[in-house]
Amino acid sequence: MTVGGRNLLILGVMSIVIAAGTAGVSLAVYHNTGDIYLDRSRPGYLPDEDEIEDEEDDKEEEDYEFSASGKITKEIMKEYLEKLKFEIEDIDAYEDTFEAESLSDEKLGI
Amino acid sequence: MKKVFVAIVVLVLSMASANVFAIDTKKQNLIISKCDQIKEDLVTLQHNDARTRVYLGRYYETILNKFIVPLNLRLVENNTSNAGLIENQSNFSTVRGKFVEDFISYQKGLEELVAMDCKNEPGQFYEKLVTVRAKRATANKNVLKLRELAGKQVELVTTLTEKIK
């Protein structure tokens, strides 16, 4: 093997080692910070078709945003309350979130 | 007498080092026999919880950034800031941060539980399950607290609206 060929081989191996090392560090940070648990783009966590449709409906509802400037009138505040209550109704659909039953002995059959 | 004392000490130390979690034999046998099914259920739960967290997180973010914060800014601009609403913003923001932190802790626990060998270590598996239950309960508390704070926002704004001429 010529000197140039050997140097090229070393460069190739070092590049692979550095890439593997940085990828490993990135994955470790991704896992240790807990971002992995908030990420739904992982395989097995991707939204199904129904969810995508629901999300599109929600986007239309989310258009409202209370302006941080302007006068405060009774009418404006009534509209604010109406929209806020609407948002809270969405939360109420998840009333039993993280309830104890799903991890109970009975549910797991033990 | 001395031998009995030594035997008791050895027994206690060996139990402590083995980290044995007291569960009855019937439960142990059920965990061993249903190990695969339990893990499958836990993975399904993990996925469902991740989906719920995304939805709730999005709603909380909307309530905070599109309702609570802009209202307080507008009240300041109009020189009518409300101490109750400012306190509610602070509380909502704090609990929302805790909601994310505690969810991560719960999911980590659930992942560790799924990775455990429930066929060979049913006692330790059950011990971990109890820990994960506690973490899930904390996550549930945060959800209830955030709902309470959202309700409080409605109450405070209703009172404020009534005072406007």
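Chain A has five helices and zero strands. Helices (H or I, at least four residues) and strands (E, at least two) are DSSP runs, numbered from the N terminus. Along the sequence, chain A reads α-α-α-α-α. Of its 110 residues, 8% count as buried. Buried means that 20 or more other C-beta atoms lie within 10 Å of the residue's own, with C-beta atoms placed from the backbone.

This is a predicted model, in which local features need pLDDT of at least 70, side-chain atom pairs count only at pLDDT 80 or more, and totals for chains, interfaces and linings use all residues. Residues are numbered from 1 along each chain as its sequence is written, while chains are lettered from A and ligands numbered from 1 in the order in which they are written.

Now turn to chain B. Helix α2(B) (residues 25–33) packs on helix α5(B) (residues 122–163) at about 90 degrees, with the axes 9 Å apart. Axes are lines fitted to C-alpha atoms, for helices over the stretch in contact, and angles run from 0 to 180 degrees between N-to-C directions. The angle therefore makes α2(B) roughly perpendicular to α5(B) (65 to 115 degrees). On the α2(B) side, the contact uses B:Lys27, B:Gln28, B:Ile31 and B:Ile32. On the α5(B) side, B:Pro122, B:Gly123, B:Phe125 and B:Tyr126 take part. Contact means C-beta atoms, placed from the backbone, within 7 Å.

Helix α5(B) also meets α4(B). Their axes come within 9 Å and cross at roughly 160 degrees. That makes α4(B) roughly antiparallel to α5(B) (over 145 degrees).

Next, the two chains together. Their contact takes 48 residues from chain B and 37 residues from chain A. On the chain B side, α2, α3 (35–77), α4 (83–115) and α5 each give two or more residues. The largest share, 21 residues, comes from α3(B).

Last, the core. The largest nonpolar core has 35 residues. Such a core is a set of buried Ala, Val, Leu, Ile, Met, Phe, Trp, Tyr and Cys residues joined through C-beta atoms within 7 Å. Helix α4 (74–92) of chain A and α3, α4 and α5 of chain B each give two or more residues to this core. α5(B) gives the most, with ten residues. Among the residues with the most contacts inside the core are B:Ile31, B:Ile63 and B:Leu146. Leaving aside neighbours within four places in sequence, B:Ile63 is in contact with A:Glu87, B:Ile68 and B:Ala150.

Terms used: Parallel < 35°, antiparallel > 145°, perpendicular 65-115°, else oblique. Contact = placed C-beta atoms within 7 Å. Buried ≥ 20, exposed ≤ 12 C-beta atoms within 10 Å, placed from the backbone.
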